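User: I would like to learn how to read a protein model step by step. Could you walk me through this one?

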Amino acid sequence: MSMENYEIPRHVAIILDGNGRWAKKRMMPRTYGHAQGSKTVEKICEDAYKMGIEYLTVYAFSTENWKRPKEEIDTLMGLLRDYMKDCIKTSKKNNMRVRIIGDIAKLDVDLQESIKRLEEASKDNTGLKFQVALNYGGRDELLRAAKKLAKDYAAGMTASELDAIGEEEFGNYLDTAGIPSPELLIRTSGEVRLSNYMLWQLAYAELYFTDVLWPDFNKKELQKAIEYYNKRDRRFGGV
């Protein structure tokens, strides 16, 4: 499928769902599905950039994921550690800038340090802008943003300055400050909900849901999502 005549969304957000079910279908542990899912992420990054997508944001670990079985959490954290290390080489090779969104202060210290090294190493890269949501929840992000704003007010922000804060200014308190809002959200595995993902940023995004499990998601499936996006009549304000 050629994308030549399609409008390519500047920013695509993805909820990576279905790793566990993919593994279960193959009589394998859920952890095996997560490992395969991480490989899919790397491939989709390449495909997205070649298609002309500038920003790609994936939901890797939510604030609710801490409720999962300890073995699964430990495996996910191990995969994240490996990915952060490998991603320094990958980002350099592919000229990809990587940024982590979410409350990383609650992650283990070594993982926090790996994240900082990765962001520093890739900050000047000019290719795909790749955001990974770790220990992320949309409501948690909004709460943290409100607290930052409250601290600024307590530190001397005037009432008139507070009144002057609009959507753009408030957006600068979010984890995604400086990143345009997604035009397209993709969720795999047949689930039809946002699951507390980028609640502020997805206000006007097109939502695309597919039954394909994340490890099976590929370039062809990404093209289908963009084809769907192009069929939508994107009107704002009732115009």
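User: How many helices and strands does the secondary structure of the protein come to?

Analyst: Happy to start there. Helices (H or I, at least four residues) and strands (E, at least two) are DSSP runs, numbered from the N terminus. Here the protein has eight helices and six strands, in the order β-α-α-β-α-β-α-β-α-α-α-β-β-α along the sequence. This is a predicted model, where local features need pLDDT of at least 70 and side-chain atom pairs count only at pLDDT 80 or more, while totals for chains, interfaces and linings use all residues. Residues are numbered from 1 along each chain as its sequence is written, and side-chain values use heavy atoms, leaving out hydrogens and water.

User: Why does the span of helix α8 agree with its number of residues?

Analyst: The expected span is 1.5 Å times one less than the number of residues. The 13 residues of α8 (219-231) should therefore span 18 Å, and the end C-alpha atoms lie 19 Å apart, which agrees.

User: Which residues of α8 are buried, and what do they pack against?

Analyst: Buried means under 20% relative accessible area, exposed over 50%, and partly exposed in between (1.4 Å probe, protein chains only). In α8 the buried residues are E221, L222, Q223, A225, I226 and Y229. They pack against α2 (30-51), β5 (184-187) and β6 (206-209); contact means heavy atoms within 4.5 Å.

User: Which residue caps the N-terminal end of α8?

Analyst: Look for a polar contact, a pair of N or O atoms within 3.5 Å; within protein, one must be able to donate a hydrogen and the other to accept it, and residues adjacent in sequence count only if both atoms are side-chain atoms. N218 is the cap, with a side-chain oxygen 3.2 Å from the backbone nitrogen of K220.

User: Is E183 buried or exposed?

Analyst: E183, in the loop between α7 (167-171) and β5, is buried, with a relative accessible area of 18%. Its side chain reaches the backbone nitrogen of R10 at 3.2 Å and that of H11 at 2.7 Å. Beyond its neighbours within four places in sequence, E183 has contacts including A205, Y229 and R234.
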